[in-house]
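Biologist: Please pick one part of this model and take me through it closely. Then show me what lies around it, in plain words.

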Amino acid sequence: MRKLIPLFTLLLMGTLPLLSGCGSSPQQAGPPEGPAGSMQYLMQGVADQKMEVVWEFLPASYQSDVNGLAHQFADKMDPEIYNEMFAIAQRVAKLLQDKKEYILKNEMLESPKTAPEEVAKYYDPGVDILASLANSDLSTIEKLKTFDGGKFLSTSGSQIAKDFATISGLMPQKEGDPGFTEKLKQAKVTLVSEEGDQATIKIEVPGETTKEEVMVKVEDKWIPQTLAKNWKSKIESAQQSLDKLKPEDMAAQKTQAMAGFKQLNATLAQLENAKTEKEFNEQFTNQVRPLAQMAPMLLMLGAAAVMEQGFSDAAAARGGVMAESPGEAKPINPNTMISIVVNKKLSPGEQDPIIDEILQSANDTESLQVIPTVDGEITTFKVYPVEDIEAFSKKIKFGKPSKVDTDSRSITVELE
């Protein structure tokens with residue numbers, strides 16, 4: 001397992017995405033003067049789930065950079081798409097809260113690998129994190145345009161941190177080994193040397209190797225040298241990504257996106273209107289089971305990609321101390337996804353052998369992904385990545401392809 005100290009600078013860097021869209025924060029007392037006091041203040045604040053300390057830690061120009069990115073994003077993003085995404089997230093959070101009893105009794109939790117009581121322990125803080133984000137000042141383009149970083153982190157950000165701390169506290173720990181939060185609380189930061197605008201501090205954490213960190217003074221704020229060295233390039237990279245966000249590109253995808261949102265809302269309405277546990281669970285299992293089966297794997301892969309990318313960035317900043325990196329996670333390219341449509345409602349048991357055959361036909365079971373969904377009497381298998389849909393259709397053995405539509409990238413299959 002990676003040590004705590006090398007990760008601490010990442011804690012600060014990893015918090016910055018939460019500030020996407022931050023405006024100016026209210027005047028705060030701020031961290032104490034001096035490199036050691038500044039770092040001690042940050043670590044103690046994070047340990048106490050007072051996430052506004054992260055915003056206070058940043059120099060004024062860094063806050064301005066984040067604000068500028070947020071405003072640029074708000075101006076470029078399609079308001080209807082953005083607002084609808086958050087509206088759906090709000091509905092999902094409320095559904096998870098209102099139907100908790102039904103969900104925890106659902107058959108999907110009846111697994112030898114995951115006991116229902118284990119899921120129940122993490123349920124409330126997990127749902128609270130989603131609800132906090134979905135209902136926060138990030139939830140609409142209009143709010144994003146006037147977003148206040150200090151306010152967000154002191155309210156939603158701190159609540160999310162508390163929920164994460166709750167989840168962390170529920171995870172198994174070695175006997176006598178304090179958790180991440182407790183280690184931060186017990187951390188001791190002392191000054192080793194200081195000359196002009198550069199200093200070296202020593203960070204001591206129980207159970208961890210003592211670490212020395214070089215700090216530099218930027219606009220009267222002491223911050224890690226690695227953060228100062230990488231800030232400009234990170235901001236420029238983010239600005240370049242936003243420059244590529246063209247209104248015409250979003251307009252081309254808007255129809256498909258809104259159609260997907262409409263389908264999601266219809267599914268949520270069915271679940272919300274379920275009057276009995278049986279009715280709810282039938283709908284929930286048919287609609288959610290495919291995604292629920294994929295969720296643990298996707299979360300694990302996503303978390304691994306984020307952490308490994310963070311380690312890679314830290315290694316680069318520290319001169320290659322940690323050289324290993326599996327590479328960056330790649331987003332799904334919609335141009336490599338196809339839909340295999342079967343005009344029949346298939347149960348999960350009927351879907352499984354078809355999924356196996358799809359994977360076998362590709363001769364690439366390590367990279368190919370298959371996600372089944374049921375809508376009325378139609379079962380659809382989303383498959384990616386697939387470059388040549390015509391060639392792929394010829395590999396299908398579980399049924400007879402009756403129609404291949406290269407425009408919609410769909411294959412209609414008649415079951416044998």
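This is a predicted model: local features need pLDDT of at least 70, side-chain atom pairs count only at pLDDT 80 or more; totals for chains, interfaces and linings use all residues.

Modeller: Apart from its neighbours within four places in sequence, Lys217 is in contact with Asp197 and Trp222.

Is Lys217 buried, exposed or in between? Its relative accessible area is 34%. Buried means under 20% and exposed means over 50%, so Lys217 counts as partly exposed. A residue can also lie some way along the chain from another and still be found in its surroundings. Lys217 and Gly34 are separated by 183 residues in sequence, yet their C-alpha atoms are 9.1 Å apart in space.

Next comes the strand. Lys217 belongs to strand S3, which covers residues 211-218. In a regular strand, side chains alternate between the two faces of the sheet. The sheet here is open and has 4 strands, in the order S1-S2-S3-S4, with antiparallel pairing. Its edge strands are S1 (188-195) and S4 (221-224), each of which pairs on one side only. Trp222, one of the contacts of Lys217, falls within the residue range of S4. On average, neighbouring strands of this sheet are turned by 35° against each other, direction ignored. Helix H11 (residues 225-243) packs on the sheet and touches S2, S3 and S4. The direction of H11 makes about 85° with that of S4.

At the other end of the strand order, S1 is joined to strand S2 (residues 198-204) by 7 bridges, and the two run antiparallel. Within this pair, Leu191 has Ile201 in S2 as its bridge partner.

Helix H2 takes in residues 35-47, 13 residues in total. From first C-alpha to last, H2 reaches 19 Å, close to the 18 Å expected at 1.5 Å a residue. Among the buried residues of H2 are Pro35, Ser38, Met39, Leu42 and Met43. An α-helix has 3.6 residues a turn, so residues three or four places apart point the same way. After H2 comes Gln49, with a positive phi near 60°.

A positive phi turns up again in another part of the chain. Strands S6 (residues 369-375) and S7 (residues 378-384) run antiparallel and are joined by 7 bridges. Their hairpin has 2 residues between the strands, and Gly376 there takes a positive phi near 65°. Val370 stands opposite Val383 in S7. S6 is mostly covered, with 5 of its 7 residues buried.

Notes: Residues are numbered from 1 along each chain as its sequence is written. Side-chain values use heavy atoms; hydrogens and water are left out. Buried means under 20% relative accessible area, exposed over 50%, partly exposed in between (1.4 Å probe, protein chains only). Contact means heavy atoms within 4.5 Å. Two strands pair if DSSP finds at least two bridges between them. The expected span of a helix is 1.5 Å times one less than its number of residues. Axes are lines fitted to C-alpha atoms, for helices over the stretch in contact, and angles run from 0 to 180 degrees between N-to-C directions.
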